[in-house]
Amino acid sequence: MSTPSNNSTSIPTNLLSNNRAWADRLRTEDPGFFLRLSHQQTPQYFWIGCSDSRVPATQITGLLPGEMFVHRNVANVVPPADLNCLSALQFAVDVLKVRHVIVCGHYGCSGIRAAMEGHRLGLVDDWLRNVADVRQKHAVHLAGLENKERQLDRLCELNVMEQVAHVANAASVQDAWARGQALVVHGWIYAVDDGLLRDLGLSVDGPAGLAIERANPAASQGAPLAGAGMTSEVAKGEVAL
Ligand SMILES: [Zn+2]
């Protein structure tokens with residue numbers, strides 16, 4: 001279904017034929033599927049994830065087109081002044097009225113590693129300043145971990161937690177909560193080497209939940225989610241990040 005072309009300069013006709021086969025299969029299973037989708041989208045979920053090709057949001061959660069609104073960027077960050085991400089968030093909350101916003105990072109993230117190790121990659125260095133700020137904020141905690149790989153994994157987790165806070169602080173999310181709209185913001189992380197999502201143990205369902213609890217050590221080691229369901233409890237407490 002996804003055999004890459006051997007010649008990188010040729011037209012990727014395999015993608016077009018894959019698409020035709022995929023659409024045919026869906027139509028066979030549900031003849032009215034695309035017609036229904038053409039009228040409206042009513043996703044329950046808004047996903048903010050990394051652009052990494054190994055973390056395709058709808059595939060790893062078993063969702064179909066129309067079920068998840070998606071925004072992806074390098075290292076899954078939600079900078080408070082990024083109009084691209086904030087506009088997608090506002091559209092998801094105000095127009096689509098999603099019930100869940102999921103910030104999902106992943107272990108082994110190249111963007112996180114570059115920010116951690118100070119690699120110079122070019123323009124993206126400016127973008128990764130957002131992650132470098134998280135690293136700096138938690139420098140003492142990270143330095144106390146046993147080795148570089150654990151530090152890297154932890155920074156992937158801390159970055160998700162920080163971005164959950166940014167989402168919860170966004171004006172569109174605050175306004176939604178103020179008018180009583182049901183909306184929960186979650187922090188998850190994905191492991192490329194086993195294909196499983198982990199709940200980082202923090203979810204925010206209102207202004208009071210903005211005091212985000214630090215994910216407990218057990219959660220941060222990553223208990224895989226039991227499927228794509230919303231299994232995490234709403235965490236409320238003091239800001240510990
Ligand atoms: Zn990544």
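Of the 241 residues in the chain, 33% count as buried. The model is a predicted one. The chain holds 11 helices and 5 strands.

The 5 strands form an open sheet in the order S2-S1-S3-S4-S5, and the pairing is mixed. S2 and S5 (196–204) stand at the edges with a single partner strand each, so one side of each has no neighbour in the sheet. From one strand to the next, the twist averages 20 degrees. Strands in a sheet pair through backbone hydrogen bonds, in either the parallel or the antiparallel sense. S1 and S3 pair in the parallel sense, over 5 bridges. Within this part of the sheet, Gly-49 stands opposite Cys-104 in S3.

Now follow S3 to residue 106. S3 spans residues 100–106 and includes His-106. Is His-106 buried or exposed? His-106 counts as buried because 23 C-beta neighbours lie inside 10 Å, and the cut-off for burial is 20 or more. Leaving out residues up to four places away in sequence, His-106 touches Cys-50, Asp-52, Val-55, Cys-156, Ile-189, Tyr-190 and Val-192. Trp-188 is 82 residues from His-106 along the chain, yet their C-alpha atoms are separated by 8.3 Å.

Helix H5 comes next. H5 covers residues 110–117, and its buried residues are Gly-111, Ile-112, Ala-115 and Met-116. These residues cover an arc of only 135 degrees around the axis, so they sit on the same side of H5. The spacing rule behind such a pattern is simple. An α-helix has 3.6 residues a turn, so residues three or four places apart point the same way. The buried residues of H5 pack against strand S1 (45–50), helix H7 (129–137) and helix H9 (148–169). Gly-118 follows H5 and has a positive phi, near 70 degrees.

Take Val-167: beyond residues up to four places away in sequence, Val-167 touches Val-78, Leu-89, Val-101, Val-103, Val-173 and Val-185. In soluble globular proteins, nonpolar side chains tend to be buried together.

H1 runs over residues 13–29 and has 17 residues. From its first C-alpha to its last, H1 reaches 25 Å, close to the 24 Å expected at 1.5 Å a residue. How many of its 17 residues are buried? The count is 0, and H1 is hardly covered.

Most residues other than glycine have a negative phi. Ala-75 is not a glycine, but its phi is positive, near 75 degrees. Asn-76 is also in the loop between S2 and H4. Asn-76 is not a glycine, and its phi is positive, about 40 degrees. Ala-75 is buried, with 27 other C-beta atoms within 10 Å. Asn-76 counts as buried too, with 28 C-beta neighbours inside 10 Å.

Methods
Residues are numbered from 1 along each chain as its sequence is written. This is a predicted model: local features need pLDDT of at least 70, side-chain atom pairs count only at pLDDT 80 or more; totals for chains, interfaces and linings use all residues. Helices (H or I, at least four residues) and strands (E, at least two) are DSSP runs, numbered from the N terminus. A residue is buried if 20 or more other C-beta atoms lie within 10 Å of its own, exposed if 12 or fewer, and partly exposed in between; C-beta atoms are placed from the backbone. Two residues are in contact if their C-beta atoms, placed from the backbone, lie within 7 Å. The arc is that of the directions from the helix axis to the C-beta atoms. The expected span of a helix is 1.5 Å times one less than its number of residues. Two strands pair if DSSP finds at least two bridges between them. Axes are lines fitted to C-alpha atoms, for helices over the stretch in contact, and angles run from 0 to 180 degrees between N-to-C directions.
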